[in-house]
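Here's a quick briefing on a protein chain with its ligand. Have a look at the model first, then go through the notes below.

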Amino acid sequence: MQLGLGLGHRVAATPSGGALEAEGPNGMDRRRRIFLLGTGFVARHVSIPLLQQGWHVSGTCTTSLKKNQLRTVGIDAHLFDANRHKLTELETLRDASHVLVSIPPAYGIGDPLLNLHHDLHPLLNYGNLQWLCYLSSTSVYGDCGGTWVDEDYPVNPRTESAKSRYEAEKGWTNFGLSLGLSTFIFRLGGIYGPGRSALDTLMRRKDLSENQKRRDSRDFYYTARVHVADICQTILSSIANPYLGKIYNVVDDDPAPRAEVFAFARDLISRRYPEMVSDFNHVSLGDVQAIIGEKCVSNTRMKEELGVQLIYPSYKSGLQSIFDSWSSSL
Ligand SMILES: NC(=O)c1ccc[n+]([C@@H]2O[C@H](COP(=O)([O-])OP(=O)(O)OC[C@H]3O[C@@H](n4cnc5c(N)ncnc54)[C@H](OP(=O)(O)O)[C@@H]3O)[C@@H](O)[C@H]2O)c1
């Protein structure tokens, strides 16, 4: 998806009311400056098409090693730990036209940006910000007994982390409103993609402790997941339609229990590498009729309003593509 200048953005103005030029010094387009608060798995993936399209991409990470890696690929990377550093150290944040938040809530703190950094509002209220997106989780729905849930379904966060996720959603929505923006809240299913999938977990499994290998009844509950490429296309679509900001579930079409996904991944691997089957014997589909919990998350709003056509509608096509991309020298 090509993201041009016709983004339907709000008219940029300084706090004193003066209009900002679309073009900054050195010909830099002020409307295509994204700041990634947390340049993790998703943000790193979404930076690729944006950099290719000439966006200025800034982002944060918590280690110098990663900062150097991000700089190598063209990201204006900054070291930032929300518990230790000041936002004012992030020089380009004030100029951002777009902000993607992927730093998760922290235990005992909640959302570290909203709760520890009260200078965030004045920093982003400079007038250039047109789009704000918070990456949330389908965990806010809690266990819905396996039923289908859409964005209007009452949330029921049970765990501490799901509760703080829901508080963060509300916080970012209100934060956006205070800046005159409708925040995109993307409730992501379990994220997978190249380097982070059931296939990768199985290949690493020999290194896991017996405790980590132990199955849990939740392996048989319906859960949502989504391939990182589909998250990226949803983010790009929201950038192209900034006036549509609201809550969206970002999940694939095929909610399935974890045990089923792992059985599929195991079969893929063992068909090409039969000698490895014995390593994976402990991962079996087992008693699937025991499925009674969690939820099937609907993606209708994402498709109808953001026009997303899933590249990987099921974990099957997603895992197959990851598997096909592996080199034969495995
Ligand atoms: N994993 C899932 O299946 C799943 C499902 C639903 C929602 N989510 C949520 O969706 C969001 C995006 O997911 P993701 O997989 O891209 O996340 P991720 O790879 O874990 O990235 C999280 C980012 O936040 C940064 N970060 C963490 N704690 C921080 C702190 N105290 N101060 C500053 N930065 C901090 C990390 O820094 P470093 O880069 O230095 O590590 C990283 O850049 C996250 O909030 C995640 O929790 C995840």
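Among contacts in the protein chain between residues at least 6 apart in sequence, what share joins residues at least 24 apart? The share is 79%, where a contact means heavy atoms within 4.5 Å. Keep in mind that this is a predicted model, so local features need pLDDT of at least 70 and side-chain atom pairs count only at pLDDT 80 or more, while totals for chains, interfaces and linings use all residues. Residues are numbered from 1 along each chain as its sequence is written, and side-chain values use heavy atoms, with hydrogens and water left out.

**The chain overall**
- The protein chain has eleven helices and 13 strands, taken as DSSP runs numbered from the N terminus (helices: H or I, at least four residues; strands: E, at least two).
- Of the 330 residues in the protein chain, 52% are buried, and buried means under 20% relative accessible area (1.4 Å probe, protein chains only).

**Around the ligand**
- The ligand has 24 residues around it, and Val42, Thr62, Lys66, Ala82 and Arg165 come nearest; a residue is near if one of its heavy atoms lies within 4 Å.
- On the side-chain end, an N or O atom of Asp81 is 3.3 Å from a nitrogen atom of the ligand.
- Taken alone, the ligand exposes 900 Å², and the protein buries 76% of that.
- Elements giving two or more residues to the shell are α1 (41-52), β5 (131-137) and β8 (190-192), and β5 gives the most, with three residues.
- By class, the shell has ten nonpolar, ten polar and four charged residues; Asp, Glu, Lys and Arg count as charged, Ala, Val, Leu, Ile, Met, Phe, Trp, Tyr, Cys and Pro as nonpolar, and the others, Gly among them, as polar.

**Helix α8**
- α8 covers residues 228-240 and reaches 19 Å from its first C-alpha to its last, close to the 18 Å expected at 1.5 Å a residue; that expected span is 1.5 Å times one less than the number of residues.
- Eleven of the 13 residues in α8 are buried, including Val228, Asp230, Gln233 and Leu236.

**His98**
- His98 sits in strand β4 (residues 98-101).
- Why does His98 count as buried? Because its relative accessibility is 1%.
- The side chains of His98 and Ser97 are joined by a polar contact of 2.8 Å.
- A polar contact is a pair of N or O atoms within 3.5 Å; within protein, one must be able to donate a hydrogen and the other to accept it, and residues adjacent in sequence count only if both atoms are side-chain atoms.

Note on methods:
Areas by Shrake-Rupley, 256 points an atom, 1.4 Å probe, with all protein chains shown as cover. Buried < 20%, exposed > 50% of the residue type's maximum accessible area, 1.4 Å probe, protein only.
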